[in-house]
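Visitor: I would like a short tour of this fold. Please tell me what each label rests on.

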Amino acid sequence: MNRPEHLAPPEIFYNKDEAEKYAQNSRMIDIQSTMSERCIELLMLPKDSNCLVLDIGCGSGISGGVLSEQGHFWVGLDISESMLDVALDREVEGDVMLNDMGQGFSFRAGTFDGAISVSALQWLCNVDKKGHEPFKRLLTFFKALYASLQKGARAALQFYPETPEQVEMITAAAMRSGFGGGLVVDYPNSTKAKKHFLCLYAGFTSAPPQMPKALNGEPETAEVAGRQRERKKGPRRPVKNLDWILQKKERQRLQGKDVRPDSKYTGRKREGKLCKF
């Protein structure tokens, strides 16, 4: 099976049809949500705090939805306009921006409490256009990321390396940009469940941070295969009923966003169609 980055540049590969899959395919949603939860766990954010997180390669907003469910605020970047259109149709709570991460981004220094990325970093290892140099684009990305994070903040970037040389190149670019940290590989002995996470920290205020531990052995459920997610202990996610929808719309109005007016159809189930939230 060909890797997506071998077929076309990301802004072309993630066209309208591909973007719709991420909004409607329950298996894809399940995989993305599981990896997003793991990235947030690796950030080690302070408990009971509402943090501002940068979501790099946010796509259709699945990872952002996980951040919102955990009480965090977020800003999402993606190179695919089609994916961002889907995110806006889903009325995500974060702010989304069209951006090529290989060209960097300009946020005020120290804006974010953390950063996550799911299945995006490996795209920077490709030469999609004349003049693209992977290591230079990686340096540009990591320098912009380092500047945007608060001192001591972490980044958890899940990616699919094609070769060990790609891992070395990505890690070297991150370290040269000022980051500390390293690679965490979950389920290293599993063919399907194995996942690479680049866990970084932007300096430290006291003692050097400890690296998070990788998950070992075989997962009890095929969560990364998307067939069944292991339910976490704790409070259940809120039911997305009429009250939940009205509260979400009110929060978006307070944030100054354009929100569709309430009507008798608000929160009503659409028969024969997939409901998008």
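Predicted model: local features only at pLDDT ≥ 70, side-chain atom pairs only at ≥ 80, totals over all residues.

Visitor: What makes β1 and β4 a pair?

Guide: Pairing takes at least two bridges. Four bridges join β1 to β4, so they count as paired. Val53 has its bridge partner in β4, namely Gly114.

Visitor: Which sheet do they belong to?

Guide: An open one of seven strands, in the order β3-β2-β1-β4-β5-β7-β6. Its pairing is mixed.

Visitor: Why are β3 and β6 said to stand at the edges?

Guide: β3 (95–98) and β6 (180–186) each have a single partner strand, so one side of each lacks a neighbour in the sheet. From one strand to the next, the twist averages 15 degrees.

Visitor: How do you know how helix α6 runs relative to β3?

Guide: Helix α6 (residues 81–89) lies across β2 (73–78) and β3. Its angle to β3 is about 165 degrees. Angles over 145 count as roughly antiparallel, so that label applies to α6 and β3.

Visitor: What does helix α8 touch?

Guide: Helix α8 (residues 164–176) packs on the sheet and touches β5 (149–159), β6 and β7 (195–201). It makes about 15 degrees with β7. Under 35 degrees counts as roughly parallel, so α8 and β7 qualify.

Conventions:
Residues numbered from 1 in each chain as written. Heavy atoms only, no water. Helix = DSSP H or I, 4+ residues; strand = E, 2+ residues; numbered from the N terminus. Axes fitted to C-alpha atoms, helices over the stretch in contact; angles between N-to-C directions. Contact = heavy atoms within 4.5 Å.
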